[in-house]
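Biologist: I have a structure open and want to learn how to read it. Where do we begin?

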Amino acid sequence: MRFRGRQVPAYRFVYCLATRTPAAADEVVRHRCHNRRCINPDHLELGTRADNKHDDWEYWANGIDGWLL
């Protein structure tokens, strides 16, 4: 989607709008559900690229995140 002349992923726009938190350029919106198509704000979280990669490693190793339990 386009916002202020920039192309941004829909999930990033939805997260920032729902939480009223602007995301810096070096921050990523993490999908806690591991579904890139998901735009549910409850499944989205702001973090760093390192946090996002750590989430991937945990998911690949264990198959599920602890936040779902």
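Predicted model: local features only at pLDDT ≥ 70, side-chain atom pairs only at ≥ 80, totals over all residues.

Biologist: Start with the helix. How do I read which way its residues point?

Modeller: An α-helix has 3.6 residues a turn, so residues three or four places apart point the same way. Now take α1, which covers residues 10-19. Tyr11, Arg12 and Tyr15 are buried there. Seen down the axis of α1, these buried residues fall within an arc of 100 degrees, so they line one face of the helix.

Biologist: What covers the buried residues of α1?

Modeller: The cover includes β3 and β4. Strand β3 spans 28-31, and β4 spans 44-47.

Biologist: Is tyrosine 11 buried or exposed?

Modeller: Tyrosine 11 has 13% relative accessibility. Buried means under 20%, so tyrosine 11 counts as buried.

Biologist: Which residues does tyrosine 11 touch, leaving out those up to four places away in sequence?

Modeller: Its contacts are Val29, His31, Arg36, Cys38, Ile39 and Leu44. Look at leucine 44. Tyrosine 11 and leucine 44 are 33 residues apart in sequence, yet 7.9 Å apart in space, C-alpha to C-alpha.

Biologist: What happens just after α1?

Modeller: Arginine 20 sits there, with a positive phi of about 55 degrees.

Biologist: Now the rings. How do I describe an aromatic pair?

Modeller: A pair of aromatic rings is described by the distance of the centres and the angle of the planes. This structure holds one such pair. The partners are phenylalanine 3 and phenylalanine 13, with ring centres 5.3 Å apart and planes at 55 degrees, so the pair is tilted.

Biologist: Which parts does the pair tie together?

Modeller: Phenylalanine 3 lies in strand β1, residues 2-3, and phenylalanine 13 lies in helix α1. The pair therefore ties together parts that are ten residues apart in sequence.

Biologist: What is the relative accessible area of phenylalanine 3?

Modeller: The value is 39%, so phenylalanine 3 is partly exposed. Phenylalanine 13 has 23% relative accessibility and also counts as partly exposed.

Biologist: On to charges. How many salt bridges are there?

Modeller: The count comes to four. Begin with arginine 30 and glutamate 45, whose closest N and O atoms are 3.0 Å apart. Arginine 30 is in strand β3 and glutamate 45 in strand β4, 15 residues apart. Arginine 30 is buried at 8% relative accessible area, whereas glutamate 45 is partly exposed at 31%.

Biologist: Where is arginine 32?

Modeller: Arginine 32 is in the loop between β3 and β4. Arginine 32 forms a salt bridge with aspartate 55, and the closest N and O atoms are 3.0 Å apart. That pair links a loop and helix α2 across 23 residues. At 14% relative accessibility, arginine 32 counts as buried.

Biologist: Which residues are linked in the network of salt bridges?

Modeller: The network links Arg30, Arg32, Glu45, Asp51 and Asp55. Find Asp55 on your screen, and trace its bridges to arginine 30 and arginine 32.

Key
Residues numbered from 1 in each chain as written. Heavy atoms only, no water. Helix = DSSP H or I, 4+ residues; strand = E, 2+ residues; numbered from the N terminus. Buried < 20%, exposed > 50% of the residue type's maximum accessible area, 1.4 Å probe, protein only. Phe/Tyr/Trp six-rings, centres within 6.5 Å; stacked < 30°, edge-to-face > 60°. Arc of directions from axis to C-beta. Contact = heavy atoms within 4.5 Å. Salt bridge = Lys/Arg side-chain N within 4 Å of Asp/Glu carboxyl O.
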